[in-house]
Amino acid sequence: MTAAEYAVQLQAAAGFIREQDDFLVVAHVQPDGDAAGSTFAVAWMLQSLNKRFTLINEGPIPEKFMYMAGPHEVIEFEKAPPERKFAAVISVDCADFARIGSVSECFEPERKLLNIDHHATNDGFGTVNLVRADAAATVEVLYDLARELNLEFTPELNNCIYTGLLTDTGGFRYSNTTPKVMQIAADMLARGVKGHELAERLLETMTLGQVSLLKRSLNTLSFAHENKVAWLSVTLDDLSATDASSDDMDGLVNYARNVEGVEVGMLFKEKEPGIIKVSFRSGGLADVAAIAQKFGGGGHVKAAGCTIRGAMSEAVERVVREVGMALA
Ligand code: 5GP
Ligand code: MN
């Protein structure tokens, strides 16, 4: 996308926000730092525009991201679905409509949707689309949108922006760490964001559950295709045996991906009996978004995911075979 095309998208998105009111703001199911950061960033932005809004996610926002919330509550759709419906929706960090999950049940049939995202596999499902695939995080796009709307960069908004950048770049290490990411991060630091505190909280600190689960899941580390493919698996039994929560699986996939010589690392997570969520990480030789799409998922070239119905062993076999073909 050219700079001029992006400028047009930014204007259209700003127009949508100025014209509409009473928004539903939703991020993808099982929100990560960028999804949570984008949800709260939009909340702070809408607040400074004196707009009404409701934040909803299919499930809970992990506790470790709640420092961004301030007074803003996120309704947990599966626990307490709202009784009303919404005509103006803003989705953030959702590559496709399915990523919104059950929250789409409270959309008006005639709803207008602003789709703000950074996934290359985004299919443009919005009424208005603000999607930049070369942005490291959705908060990077929101930073541009805040400027377009002439909003003040408050400490609360800045914390959200920095959080999404920090988590989606793996602490400013992945290849999506562009000069622009560093410029925005520098701007946030100059405005008072405590970068080291956020890094400590989000990247360094491990919960006890996380450590126990790491210990246990490393026993499952397996290799195929001349050790170019590695994976770990976590079953529901592993979670209960280690007293770990599903958030405690965050980052586990890197232990497969980071082994020397590995091109594609994966984590297979049993969500419910017979439902396996797969996380992919690639060194770049294989496009894991394309592989995930074959199983109904998506994401980025180097980080993607999908959900497979079937037994753990069956899911592993199907996916490992597909990854092997992509590397051949
Ligand atoms: P993770 O492995 O951290 O859950 O996800 C890695 C990347 O893939 C993220 O950008 C995430 O949004 C995307 N992703 C994960 N699962 C899915 C999925 O089922 N569908 C799509 N379209 N993207 C996914
Ligand atoms: Mn993201």
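A polar contact is a pair of N or O atoms within 3.5 Å; within protein, one of the two must be able to donate a hydrogen and the other to accept it, and residues adjacent in sequence count only if both atoms are side-chain atoms. By that criterion, a polar side-chain atom of Lys277 lies 2.8 Å from a nitrogen atom of ligand 1. This is a predicted model, in which local features need pLDDT of at least 70 and side-chain atom pairs count only at pLDDT 80 or more, whereas totals for chains, interfaces and linings use all residues. Residues are numbered from 1 along each chain as its sequence is written, ligands are numbered from 1 in the order in which they are written, and side-chain values use heavy atoms, with hydrogens and water left out.

| Residue and group | Atom of ligand 1 | Distance |
|---|---|---|
| Lys277, polar side-chain atom | nitrogen | 2.8 Å |
| Arg99, side-chain N or O | oxygen | 3.2 Å |
| Gly298, backbone N or O | nitrogen | 3.2 Å |

Taken alone, ligand 1 exposes 500 Å², and the protein buries 84% of that (accessible areas come from the Shrake-Rupley method with a 1.4 Å probe; for residues, only the protein chains shown count as cover).

The shell around ligand 1 holds 15 residues, the closest being Asp96, His119, Lys277, Ser279 and Arg281; a residue is near a molecule if one of its heavy atoms lies within 4 Å of it. By class, the shell divides into 4 nonpolar, 7 polar and 4 charged residues, where Ala, Val, Leu, Ile, Met, Phe, Trp, Tyr, Cys and Pro count as nonpolar, Asp, Glu, Lys and Arg as charged, and the others, Gly among them, as polar. At least two shell residues come from each of β10 (275-282), β11 (298-299) and β12 (303-309), and β12 gives the most, with 4 residues; strands are DSSP runs (E, at least two residues), numbered from the N terminus.

The protein is divided into domain 1 (3-203) and domain 2 (208-327), with bounds from an automatic or database domain assignment. Because both domains give residues to the shell, ligand 1 lies between them. The centres of domain 1 and domain 2, taken over C-alpha atoms, are separated by 26 Å, and their contact (heavy atoms within 4.5 Å) takes 10 residues from domain 1 and 11 residues from domain 2. Between them the domains bury about 790 Å², 40% of it on carbon and sulfur atoms, buried area being the accessible area (1.4 Å probe) that two parts lose on being put together, summed over both. Gln30, Lys64 and Thr121 supply 43% of the area that domain 1 buries against domain 2, more than any other three residues.
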